[in-house]
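Thanks for making the time this morning. I would like to take you through one model, and I will keep to what can be computed from its atoms.

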Amino acid sequence: KPGEQKHPKEPSSLQCMHLAVVACGDRLEETLIMLKSAVLFSNRRLCFHIFAEDSLKPEFEKKLKEWPSSYTKKFESNFYPITFSVGNAQEWKKLFKPCAAQRLFLPVILKDVDSLLYVDTDVLFLRPIDDIWHLLRDFNSTQLAAMAPEHEIPKIGWYSRFARHPYYGSTGLNSGVMLMNLTRIRSTHFKNSLIPGGLTWEEMLYPLYQKYKNYITWGDQDLLNIIFYFNPECLYVFPCQWNYRPDHCMYGSNCRGAEEEGVSILHGNRGVYHDDKQPTFRALYEVIRDFPFEDNLFQSLYYPLQSKFLDTVHTLCGRIPQVFLKQIEKTMKKVYENRVIVYLGANHKY
């Protein structure tokens, strides 16, 4: 398009939205369902960066190849072993959950990637990734990453009640969905509590961990909170509908953005896709998991979802079904309209 500038290091970056995930242990299926939700609704091409234990890589490759070609042509997948460039690899691996600390090293490993969306394996996209990717344009000159608050209300927030280390803002940050301008992260010197002159991202990670390791509970998320406590001008805060968790509906509905717009990205943390504690979250996961790729979205995804939701209206999160359904309905209408237009265009000569 006229007037668009391409990043010199990565000419394809305008065509490709980069999505990174770290999968270890029993997270294969969850990760595949997350990637499926990304591919179902995205408009532009996706580049997946999958960090996984060696034993999982062949399984990922096999499963992704089983998807129909109409979808596999929408993405490319890159695989990486779990590696930590500084400090003790065993220590990093034991931090919080296996391999979770890998996300801290993405700016160091993906040297040729300009910008990236990192998500946890237990995330589901209910609208095109394109929409969160566009938030990169909203960064001001000092912002280099975006996350949502850990909580909306300080009096019931974890950090505001229990944290023994510095954290961002009044309620801390949740790192399950993190949009990053890696080029800026690599070129910035970060203020910190270690030395007055500032440190690069890679220089800072291990000393910071050593200083606070006896005080952190949530592993790498706590380290990110500490980093952005000292560097608040580097962070763009996006609203809760981009990282919607059970906490947003368990204690009454406390995510206004989701009430107005619907949930954009669902984050089923604490294993809620796999137990009976939050049936609304589980319903969404199962319906996307079971959706046959080439079927009609309304018939095989939206209607089953509506009927599953009827069984959850007695639960805390099920009382507000419109919050979960609003955005996905809008998204499916758009996808359906786009396909009809493409189909008509291919079958009519004007």
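Predicted model: local features only at pLDDT ≥ 70, side-chain atom pairs only at ≥ 80, totals over all residues.

Residues are numbered from 1 along each chain as its sequence is written, and side-chain values use heavy atoms, with hydrogens and water left out.

Let me begin with the disulfides, where a disulfide is taken as a pair of cysteine sulfur atoms within 2.5 Å. The structure holds four of them, and if the bonded cysteines of the chain are numbered in sequence order, the pairing reads 1-3, 2-4, 5-7, 6-8. One of the four joins cysteine 16 to cysteine 47, with an S to S distance of 1.9 Å, and it links distant parts of the chain, since cysteine 16 sits in strand β1 (residues 16-23) and cysteine 47 in strand β2 (residues 45-52), 31 residues apart. Helices and strands here are DSSP runs, numbered from the N terminus, with helices being H or I of at least four residues and strands being E of at least two. The link of cysteine 16 and cysteine 47 is right-handed, with 140 degrees about the S-S bond. Cysteine 16 is buried at a relative accessible area of 3%, and cysteine 47 is buried at 5%; buried means under 20% relative accessible area, exposed means over 50%, and partly exposed lies in between, using a 1.4 Å probe and protein chains only.

Another disulfide is formed by cysteine 240 and cysteine 255, whose sulfur atoms are 2.1 Å apart. Cysteine 240 lies in the loop between β8 (235-237) and α11 (247-250), and cysteine 255 in the loop between α11 and α12 (256-261), so this pair ties together parts that are 15 residues apart in sequence. Both cysteine 240 and cysteine 255 are buried.

Cysteine 249 is buried at 1% relative accessibility, and cysteine 317 is buried at 0%.

Now to the domains, whose bounds come from an automatic or database domain assignment. The assignment gives domain 1 (17-238) and domain 2 (270-345), and their centres, taken over C-alpha atoms, are separated by 26 Å. How much area do domain 1 and domain 2 bury between them? The figure is about 1,900 Å², 64% of it on carbon and sulfur atoms, where buried area is the accessible area (1.4 Å probe) that two parts lose on being put together, summed over both. In domain 1, Lys36, Phe41 and Leu126 lose the most area to domain 2, together 32% of what that side buries.

Leaving aside residues up to four places away in sequence, histidine 165 touches Tyr159, Tyr212, Tyr215, Ile216, Asp222 and Ile226, contact being heavy atoms within 4.5 Å.

I will close with the salt bridges, each defined as a side-chain nitrogen of Lys or Arg within 4 Å of a carboxyl oxygen of Asp or Glu. The structure holds 18. In one of them, the closest N and O atoms of aspartate 220 and arginine 103 are 2.3 Å apart, and the two residues are 117 apart in the chain, aspartate 220 being in helix α10 (residues 220-230) and arginine 103 in the loop between α4 (89-94) and α5 (106-109). Aspartate 220 is buried, with a relative accessible area of 0%, as is arginine 103, at 6%. By contrast, the salt bridge of arginine 45 and glutamate 76 (3.5 Å, N to O) has partners that are partly exposed, arginine 45 at 32% and glutamate 76 at 33%.
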